[in-house]
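Subject: Structure handover

Dear colleague,

Please find the structure below. My notes on the ligand, the pockets and the backbone follow it.

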Amino acid sequence: MPRPPANPHIENLRAYVPGEQPQGGGWVKLNTNEHPFPPSPRAAEAIRRLLEGDAARLRLYPSPDAAPLREAAARLHGHPAADIVAGNGSDDLLNLLIRAFAGPGRPVGMLDPSYSLYPVLAGAQGAEVVRAPFPVDGRLDGRALAATGAAVFFLTNPNAPLGHAFGPAEVEAAAAAFSGLLVVDEAYAAFADADCAALPSRLPNVAVTRTLSKSHALAGLRAGYALCPPGVADVLHRVRDSYNLDLLAQHAAAAALDDRGWLDDACRRVRASRARLAEGLGALGWAVRPSQANFVLAAPCRPGEPRSPAASESAFAFLRSRRILVRRFPGHPLTADGLRVSVGAPAEVEAMLAAAADWTAGRG
Ligand SMILES: *Cc1c(COP(=O)(O)O)cnc(C)c1O
């Protein structure tokens, strides 16, 4: 007997395809923008404290609205804790924002290219997706956002996979021209020169989402939060799971956010590694886009040969044969020639550069 039909819009939905997550060791894993260094030791300490003795703390439900995490985020950003919503990763928050603000007749907007999860989340709510082309001059145009007619527009800033960041003044001007909710997805903002965390307290239609996955080396923990303008947190609480973050994640994330020294040091090291990666690939003749995130998009090319999707595919396969994982985005002309390479630890960057040099020279 065939299975019973799902909802029509779910029958036609395709699941998000995450980057490969090999479960064995031995890979130089530069494909999903994880942090190359271990997280703040305070995160593990917080978990150990909760599990002390017989772990009886796990018997009880945690704070329903993840108060420890919201309060730590409030301290970090000087934003009212009541206007912060915690999520099981920031993907959870993107989903809640779409559930609450989009649906049939209320489209989801995004720049093209940007994060390919948004269309999947929109599809699950029966919301149409409207795309504005990534501006060729790198300048954000509020009129282009408004012209999409989106009820909620996701601005990945810095952009993934391009690495380009729009400045807060540009984002503020765009928000003023747009009447829907502008969500600035700041998954990579910790690595950028500036961020938009101050905007939600000034602008009624701007929310900012953050994740601890990239900035705080805690992708395995699943914790993120949204800085909301007045009134929005209340709406998101209506549609979230009543206990959307577990006890360990709430406390570990709070401890990590409170460790500002760790973040400053880790970001400095990631930026230094990013500069070395960009410089090394550029020296091989690869076309490297300037990046404000913890990855670079670079188009491989061999001397005398043009960049092309085929060259990107060839370099990808070559790197994989050397057990180096990077990511390809063949679906858009701005990214089809490129490889997105996460910024690794110094030894990983050197392994990547050595393999890239061999591919470029046609060795191996
Ligand atoms: C990684 C990423 C996220 C989601 O991170 P979580 O692990 O779910 O917190 C959100 N947006 C963008 C653009 C990302 O790259």
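In this predicted model, a polar side-chain atom of Asp185 lies 2.7 Å from a nitrogen atom of the ligand. A polar side-chain atom of Ser213 is 2.6 Å from an oxygen atom of the ligand, and a polar backbone atom of Ser90 is 2.6 Å from a ligand oxygen atom. A polar contact here is a pair of N or O atoms within 3.5 Å; within protein, one must be able to donate a hydrogen and the other to accept it, and residues adjacent in sequence count only if both atoms are side-chain atoms. The protein buries 93% of the 380 Å² that the ligand exposes when taken alone (accessible areas by the Shrake-Rupley method with a 1.4 Å probe; for residues, only the protein chains shown count as cover).

Residues are numbered from 1 along each chain as its sequence is written. Local features need pLDDT of at least 70 and side-chain atom pairs count only at pLDDT 80 or more, while totals for chains, interfaces and linings use all residues; side-chain values use heavy atoms, with hydrogens and water left out.

The shell around the ligand (residues with a heavy atom within 4 Å of it) consists of Gly89, Ser90, Asp91, Tyr115, Thr156, Asp185, Ala187, Tyr188, Thr211, Ser213, Lys214 and Arg222. Three of the shell residues are nonpolar, five polar and four charged (Ala, Val, Leu, Ile, Met, Phe, Trp, Tyr, Cys and Pro count as nonpolar, Asp, Glu, Lys and Arg as charged, and the others, Gly among them, as polar). Helix H4 (90-101) and helix H8 (212-215) each supply at least two residues of the shell; helices (H or I, at least four residues) and strands (E, at least two) are DSSP runs, numbered from the N terminus.

The ligand takes up the space of the largest pocket (more than half of its atoms lie within 2 Å of the grid points). A pocket is an open set of points on a 1 Å grid over the protein atoms alone, where a 1.4 Å probe fits, with protein on both sides within 12 Å along at least five of seven lines; lining residues have an atom within 4 Å of a point. The volume of the largest pocket is about 1100 Å³ (the space filled by probe spheres set on the points, which are joined across faces, edges and corners). Its lining has 47 residues, with Tyr16, Val17, Tyr115, Ser116 and Arg327 nearest the centre. By class, 20 of the lining residues are nonpolar, 17 polar and 10 charged.

The second largest pocket holds about 290 Å³ of space. Of its 22 lining residues, Ala189, Ala190, Asp195, Arg210 and Leu263 lie nearest its centre. Helix H11 (260-283) is among the elements that each supply at least two lining residues, and the largest share, five residues, comes from H11.

Now the backbone. Most residues other than glycine have a negative phi, and most peptide bonds are trans. Asp112 and Pro113 are joined by a cis peptide bond, with omega about 5°. Another cis peptide bond joins Ala160 and Pro161, with omega about 10°. Ala66, not a glycine, has a positive phi of about 55°.

Regards
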